[in-house]
Amino acid sequence: NHVRDFTYIDDAVKMLTSLINRPPKGIVPYDNFNLSNSKPVPLKTYLKALEKSLGITAKLNKMPLQLGDVYKTHASNKKLEKKNRQNQTNQARWWN
């Protein structure tokens with residue numbers, strides 16, 4: 001019954017490179033961003049897609065919830081998207 005918000009590595013790299021040479025403004029010289037797909041998927045759906053893609057049936061070893069594990073992960077890219085929109089607006093002003 002677990003749900004995960006998987007992120008494809010190429011998407012994560014694209015998100016991170018969008019911030020290069022754009023240091024945060026303000027007193028603190030860093031910022032934190034969530035990098036995600038923003039579309040949580042049930043783990044069972046993910047496993048079925050893997051099985052179909054690989055042409056095999058997974059041998060599941062169902063165990064109790066592990067220490068530190070969570071039922072659902074879900075992140076939002078809204079802060080990153082807002083930052084990129086601001087940067088695009090600033091670049092447009094600079095070019096005009």
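Predicted model: local features only at pLDDT ≥ 70, side-chain atom pairs only at ≥ 80, totals over all residues.
The largest pocket holds about 490 Å³ of space. Of the 17 residues that line this pocket, Asn1, His2, Leu43, Leu47 and Lys62 are the closest to its centre.

The overall fold was examined next. The protein chain contains three helices and two strands. Read from the N terminus, its elements follow the order β-α-β-α-α. Strand E1 covers residues 3-4, helix H2 covers 43-54 and helix H3 covers 78-95. Leu43 and Leu47, among the residues closest to the pocket centre, fall within the range of helix H2. Among contacts with a separation of 6 or more, 86% join residues 24 or more positions apart.

Burial and surface were then computed. The protein chain has 96 residues, and 15% of them count as buried. Its accessible surface amounts to about 8400 Å². Carbon and sulfur atoms contribute 57% of that surface.

A search of the whole structure returned one salt bridge. The partners are arginine 4 and aspartate 69, with their closest N and O atoms 2.9 Å apart. This pair ties together distant parts of the chain, as its members lie 65 residues apart. Arginine 4 sits in strand E1, whereas aspartate 69 belongs to the loop between helix H2 and helix H3. The distance of 2.9 Å meets the criterion for a salt bridge, which is a separation within 4 Å. In general, side chains of opposite charge can pair when their charged atoms come close. The two partners fall into separate accessibility classes. Arginine 4 has a relative accessible area of 15% and therefore counts as buried, the limit being under 20%. Aspartate 69 has a relative accessible area of 32% and is partly exposed, because this value lies between the 20% and 50% limits.

Asparagine 77 was examined as a further position in the loop between H2 and H3. Its relative accessibility is 9%, so asparagine 77 is buried. Apart from neighbours within four places in sequence, asparagine 77 is in contact with Met15, Asn34, Leu35, Ser36 and Ser38.

Definitions and conventions
Residues numbered from 1 in each chain as written. Heavy atoms only, no water. Salt bridge = Lys/Arg side-chain N within 4 Å of Asp/Glu carboxyl O. Helix = DSSP H or I, 4+ residues; strand = E, 2+ residues; numbered from the N terminus. Buried < 20%, exposed > 50% of the residue type's maximum accessible area, 1.4 Å probe, protein only. 1 Å grid on protein atoms, 1.4 Å probe; cavity = no way out; pocket = protein on both sides within 12 Å on 5 of 7 lines; lining within 4 Å. Points joined across faces, edges and corners; volume = space filled by probe spheres on them. Contact = heavy atoms within 4.5 Å. Areas by Shrake-Rupley, 256 points an atom, 1.4 Å probe, with all protein chains shown as cover.
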